[in-house]
Amino acid sequence: MLPQSLVGTRVLDWSEGIVGPYAGRLMAELGAEVIKVERPGHGDWTRRTPPFNEADGSRESGLYFYYNVSKKGVTLKPEAIEGRPVFLNLIQSADVLVEDHAPGWMDTVGLSFRELQKVNPRLVVLSITPFGQTGPWRDYQTYQLTGLHAGGEGWELTAGAERPPVMTGGDFSETTVGLTAAMGVIAALWRRRVSGKGNHIDMSHQEASMWPGRVELSAFPNAGVVERRRVAERSMTGAKSALDAWVEVTPFEQSMWQGLVTAMGNPPWADDSRFEQRVSRFQNQEEVNPRIDEWTSVRSAKEVYSSMQENGCPAFEVMTVDRLAQSDQYEARNYFTDMSGAGLGRFRMPSTPFTGEKPRYKAAPSLGENNHEVFLELGLNEEDLGRLKSIEVM
Amino acid sequence: MADVMLDGVRILDLTFNRAGPSCTAMLAALGAEVIRTESFTRVDSNRMRVASLDKSVISWGTDKSDMEKGWTFSSINMGKLGIQLNLKSGGHREVIKRLVEVSDLVVEAFTPGVLEGFGIGYETLRQWKKDIILVSVNGFGKGGPHGHYRAYANIFAAAGGIEELTGYAGERPMGFVGRLDSVVGSFGGFGALAALMERERTGKGQHVDVSGAEAVTTLLGAPMVDHMINGRVAARDGNRRPDLAPHNCYPCTNPDEPSREEWVSIAVATNEEWLSLCIAIGKPELATDPRFGDLASRKVNEEDLDRILGDWTLGLGAHQAMQLLQAAGVSAMASLRADDLFQSEHLRERGAWVEYEHPVQGPRFDVRLPWIFSDGEGAYGPAPLFGQHNAYVYGELLGMLPEEILELQAQEVVY
């Protein structure tokens, strides 16, 4: 199962949207106590973002739920005069703070890393921004699309010079950055074992987005190549059509090509000397790809990929979300977990890709759900909470 | 204490190609000592991946004297040590045992069952070292009807659902390559770090096994959740999003280099941003154009919107358009290419490119780790030459005598 390495660790998640909150969820999955800190009366903007339960008409956000599952929730304005001492109290009790405010903002409200370190020298602070804390672009604005183009990911998905680059679907380009964020925190906690000190992690969304593409990006200084993926031209990759779905078939290595040829019933055209080795197949791909297409297009996706895989050639169906929901493979591995949210009703939620026992998830918190529990434990009393609430600091 | 984050951590790396090696490369950059095994019986294909002289074709050579020239290999495997070890020899087991005894972690990305086939599955490793951590990265995870299936980046993408969601409406889905290997490898890296931390707490090792397909599905987010709650089946739709308009990439012309392909991405969510954009591009009349008055109408007239913006961007370079719009508070970003990123003043100032020396390829550049720590550094160095660290690992680390190593070479164990 997922290692429960963060049992006993308290993480404050003072971030919004997808990147920071997903990092918080990952840490909750490792057993951390994650406390989401939200603006009173308002909360994370994703609370108002679809998908909602359309049958029900409730306005509970499935997006907010997904990224904030298993967290506790408090409301607080740490930057307010009355909120600051409460926040510092909370900081003292914590191991990690995740925050995503604009560069410099934390300093202006007296919550710089140095200030936080005074109350908790062992605190790890992860600061997430689009372009980092420093540099001429630090104040540039991004949404998901523009963030994707900042890190070189957008350029990769060009489908030919005449068509605009197309973005990665879903929340993928942001969740991957959230995963990177969580890794940085664990690395800092690892070092803390020996150093005894906290750490301030400056994570730029742009740099986090560059890292997975670094091989393609470094091709420029190292080989003078500005590489671009030309899907239609690349040998053996690129979806092929089957009767009921698209399929990917990848005879990457020689043995896999031989497997493909066997799966296709050893057609005579495959004996052509031009197709013998990978390099020449690549050069003659306009001849190879259509032949494979011809074969796949009269078969079901399952027939294509199962016969390919049986012969040692990587292949699979291009899965739609409904096919994923019905997947026998995911069923066998208990990948979807039964959850229910007050307004969402019961639904099956993707858990984690780690084999074994899944975390026992708790519903994402309603706004301020754990105010009493968390703040009373810090030493405030009901009167304090009432007063802070009345001035909208809590 | 050394200044690297993973000081003192030693990792045995049995991976090939890109997904597994991406995981271990990050751990190496964090400062772990990563020992990578290779053999003449299976040379990593990326060792021989080179570009043609005119840079138009990237392909795989077959000449083994070219094994040190592949810049793809050199980037993927930066910072690692390299030894020869033939996992098909039978004699490898005793060597692996000795390596495991001095390692914290083993990383592998074979199809499930292959490691056991080599006689070095988790149960065996655990007998050799009780608290060993094994990290396995594979296509579909252990178990289930597809547990034994083989996968690469584009297979993870297809099986996990991201390929279906990417591309133009009604057209062939967009395939994924290298980057996706790294993303899946990152889940392995996450598991590795988590397992190291847990061993501190409990004294126990474990087997961390990651399914690449499930990793992708986990990262989809909204469309998967929408289906589970509402039954909706999301379809790819180019650069369109229901909550933003304009939201697309527009063609630009670099005045200094008109033949250079350039695009600028623009994303507008609010009416305020739309107003700012209209003024910034010198077309304030658009702000009162009823076709574009609010998000709903901008969505209805999105084709007109894209055409108007595209006409404007065509007259400017991508960086020019971006700077102009950013100055007005509009989210615009040139579609940055490798050369843009390497030459970026912003990234230079942040030290985002690192440089080191490769014994054959000379000065190499690569991307710095995606974090700047106030305490602790990364570690960057060349990928290993084939068998480069045989003497260090076998001789120094394992204490073998020269005769022992020669014998292993004669038996094609160190091969």
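How many residues does the contact take from chain B, and how many from chain A? Some notes on that and a few other spots follow.

1. The contact takes 155 residues from chain B and 151 from chain A, where contact means heavy atoms within 4.5 Å. Keep in mind that this is a predicted model, with local features needing pLDDT of at least 70, side-chain atom pairs counting only at pLDDT 80 or more, and totals for chains, interfaces and linings using all residues. Residues are numbered from 1 along each chain as its sequence is written, chains are lettered from A and ligands numbered from 1 in the order in which they are written, and side-chain values use heavy atoms, leaving out hydrogens and water.

2. On area, about 13,900 Å² is buried between chain B and chain A, and carbon and sulfur atoms give 65% of that. Buried area here is the accessible area (1.4 Å probe) that two parts lose on being put together, summed over both. On the chain B side, B:R179, B:F190 and B:H346 lose the most area to chain A, together 6% of what that side buries.

3. The rule finds 15 salt bridges across the interface of chain B and chain A; a salt bridge is a side-chain nitrogen of Lys or Arg within 4 Å of a carboxyl oxygen of Asp or Glu. B:R350 and A:E207 meet in a salt bridge through their side chains, at 2.6 Å from N to O. Over all chains, the search of the whole structure gives 59 salt bridges.

4. Which helix gives the most to the side of chain B that touches chain A? That is α7(B), with 18 residues. Helices are DSSP runs (H or I, at least four residues), strands likewise (E, at least two), numbered from the N terminus. The residues of that side of chain B divide into 81 nonpolar, 41 polar and 33 charged. For those classes, Ala, Val, Leu, Ile, Met, Phe, Trp, Tyr, Cys and Pro count as nonpolar, Asp, Glu, Lys and Arg as charged, and the others, Gly among them, as polar.

5. Within chain B, the axes of α6 (residues 153–160) and α7 (residues 178–202) come within 7 Å and cross at roughly 75°, which makes α6(B) roughly perpendicular to α7(B) (65 to 115 degrees counts as such). B:A153, B:F156 and B:A157 of α6(B) meet B:G178, B:L180, B:D181 and B:V184 of α7(B). That set divides into 5 nonpolar, 1 polar and 1 charged.

6. In chain A, A:K118 forms a salt bridge with A:E115, with the closest N and O atoms 3.0 Å apart. The two are separated by about one helical turn, because they sit 3 residues apart in helix α5 (residues 113–119) of chain A.

7. Backbone points to check by eye: a cis peptide bond joins A:P50 and A:P51, with omega about 10°, and A:P51 lies in the loop between β2 (33–38) and α2 (62–68) of chain A. Another cis peptide bond joins B:A245 and B:P246, with omega about -5°. A:N266 has a positive phi of about 50° although it is not a glycine.

Note on methods. Axes are lines fitted to C-alpha atoms, for helices over the stretch in contact, and angles run from 0 to 180 degrees between N-to-C directions. Angles under 35 degrees count as roughly parallel, over 145 as roughly antiparallel, 65 to 115 as roughly perpendicular and the rest as oblique.
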